Amino acid sequence: MAREKILVAEDEEDILQICIRLLESQDYQVTAVKDGRLALEAARRERFDLLLTDLKMPRLDGLETARRIKELYPEIVCVVMTGFGTMETAIRALQLGVDEFLVKPFTPNMLTTAVAKAMEKVRLRRENIRLRALIPLFELSKTFMSTVATGQLLRRVLEIAQQETRADKAALILLSKNDRPLAVHVREDSDIEAMLGDELAIELAQVSEQVAIPFRQKPPALSPPWIEQLAQVGIHTAIVTPLRSKTKPLGILLVIKDHPQDVFAPSDAEMLSILCGQAAIAIENARLFEEIQRAYEELKELDRLKSEFINIAAHELRTPLAILMGHASLLLEELDGSAGQRMEIIVRHAVRLRELVNDLLTLRYLEAGMTRLRPEPCDVRELVETTMSELEFLIQDKGQVVNVFIEKELPFIMVDRQRLHLVLSNLLSNAVKFTPAGGNIIIRGWLEGNAALISVQDSGIGIPPHEIEKIFERFYQVEDSLTREYQGIGLGLSIVKGVVDLWQGRIWVESELGAGSTFTFTIPQAVAIMD
Ligand code: ADP
């Protein structure tokens with residue numbers, strides 16, 4: 001904590017030295033002067049917590065000194081040393097708000113006790129200021145909790161600032177992203193915006209340190225030009241407090257008093273600093289929230305467009321594709337030689353196209369909740385073997401080895417056979433696709449309670465950890481689709497997940513880059529249904 005500052009004014013050298021020595025031994029920071037005028041000058045230069053002054057001094061007596069310094073700092077605590085006390089001076093001193101009397105001659109103990117007592121008051125006052133600042137801040141944080149609408153938040157900040165400093169007007173001038181003022185927010189009943197004009201508002205928005213006008217202490221030699229401009233538009237009593245987020249300036253809060261004899265107390269400035277510190281965080285958060293919300297809305301719209309696209313693509317492609325395939329198949333029967341070979345290629349690719357369209361349709365029905373499960377007793381081992389045989393030519397082509405371990409309790413479970421086939425063939429074809437030639441694939445099946453678990457493990461390329469969550473999203477592919485070497489459009493796993501979700505199972509993947517992946521899914525109540 002910074003040391004507390006005491007200004008001592010005493011014309012008797014001996015007493016002055018005693019005061020300095022005693023107070024410094026108590027760890028106060030002491031400035032000592034020999035008369036009232038010098039005390040006033042010192043107070044203009046810097047701010048003190050406590051004034052210890054002799055009553056009778058040449059040039060300016062102690063009470064007048066206290067009065068003038070209190071004008072500068074209403075919060076300063078004053079202790080007056082006096083050798084003779086009359087009723088009249090005592091009354092005047094009380095009227096001036098003198099806090100303690102110390103009657104000469106005093107012992108060192110009397111001096112330190114009186115100062116300590118007065119300092120306690122200083123601390124209490126400071127505490128009070130903090131408390132005063134905290135109550136509206138508490139209100140503000142309540143507002144912030146209950147609203148993330150920036151407009152409402154700004155209005156509340158202005159309300160608190162104006163109310164707590166008893167200002168006549170208040171305005172917030174906020175910077176936009178390119179550091180130009182974005183908006184001047186003013187209390188509804190105020191005309192600040194018109195008073196300031198655009199140029200002055202821009203200038204003010206960039207003020208980086210708190211400035212209170214009129215200056216309590218001597219104004220700096222080079223006071224910024226906007227202070228003069230404020231005076232020109234009729235603003236003579238104001239506090240400008242910057243708002244800074246963690247990373248950048250956000251703008252400023254301006255409070256104004258209309259009447260020249262009205263001044264702001266230093267505690268107002270302190271309270272505004274605290275308020276602006278909190279407000280800056282709240283405003284930044286509200287803005288971030290709005291940005292997130294905007295991004296979320298955009299994502300929702302994109303998602304809607306994706307669904308729309310799937311819908312249109314699936315339905316609109318189906319009919320022309322069916323016609324194309326019908327005619328191509330007929331022609332294939334009629335043509336031979338190189339024309340026949342070409343027609344074969346056309347039919348092969350049309351079949352691939354039909355598979356894609358079917359994938360789109362399956363996903364569309366799953367997402368629209370239009371798919372109904374049809375559980376039936378199903379032999380898992382047989383289904384796995386059927387699926388493998390469908391991919392046989394690919395597996396052989398890559399010289400891969402597929403091993404199957406199905407627990408003997410498992411073979412028959414109640415499940416939608418067609419959908420389980422869809423899941424298995426997607427997982428197995430991915431395993432084949434993403435495993436280099438000569439690699440291994442293991443399919444396992446076992447029971448855990450009433451649930452059946454099936455896993456497909458490969459020794460393939462693996463999936464980076466940060467992609468694992470995303471691969472179940474529609475159209476998501478780890479590799480960029482433009483540069484990718486694998487076929488597919490990124491729908492397989494979203495269909496798999498859609499089906500597993502439908503029977504309320506779980507699917508997850510464990511993977512290590514370069515070492516392989518294991519996809520495992522559950523079929524809950526697979527046995528119970530059979531009972
Ligand atoms: P597609 O296979 O058509 O690209 P999927 O939805 O089946 O679409 O898979 C999405 C992505 O997940 C794949 O593009 C691939 O990047 C990754 N992936 C899926 N299965 C595996 C696997 N067994 N090994 C490595 N990566 C995989």
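**Salt bridges in close-up**

**View 1. The salt bridge between Asp416 and Arg419.** In this predicted model, Asp416 pairs with Arg419, and their closest N and O atoms are 2.9 Å apart. Asp416 is buried, with a relative accessibility of 4%. Arg419 likewise counts as buried, at 14%.

**View 2. A network of salt bridges involving Glu10, Glu12, Asp54 and Lys104.**

**View 3. The salt bridge between Lys34 and Glu13.** The closest N and O atoms of Lys34 and Glu13 lie 2.6 Å apart. Lys34 belongs to the loop between strand 2 (29-33) and helix 2 (36-45), whereas Glu13 is in helix 1 (residues 13-25); the pair therefore ties together parts that are 21 residues apart in sequence. Lys34 is partly exposed, with 42% relative accessibility. Glu13 is also partly exposed, its relative accessible area being 32%.

**View 4. The salt bridge between Glu64 and Arg67 within helix 3.** Here the closest N and O atoms of Glu64 and Arg67 are 2.7 Å apart. Both residues lie in helix 3 (residues 62-72), where Glu64 and Arg67 are separated by 3 residues, about one turn of the helix. Glu64 has a relative accessibility of 17% and counts as buried, because buried means under 20%. Arg67, at 31% relative accessible area, is partly exposed.

**Overview. Salt bridges in the predicted model.** The count comes to 28 salt bridges, including the pairs Asp416 with Arg419, Lys34 with Glu13 and Glu64 with Arg67.

Terms used:
Residues are numbered from 1 along each chain as its sequence is written. This is a predicted model: local features need pLDDT of at least 70, side-chain atom pairs count only at pLDDT 80 or more; totals for chains, interfaces and linings use all residues. Side-chain values use heavy atoms; hydrogens and water are left out. A salt bridge is a side-chain nitrogen of Lys or Arg within 4 Å of a carboxyl oxygen of Asp or Glu. Helices (H or I, at least four residues) and strands (E, at least two) are DSSP runs, numbered from the N terminus. Buried means under 20% relative accessible area, exposed over 50%, partly exposed in between (1.4 Å probe, protein chains only).
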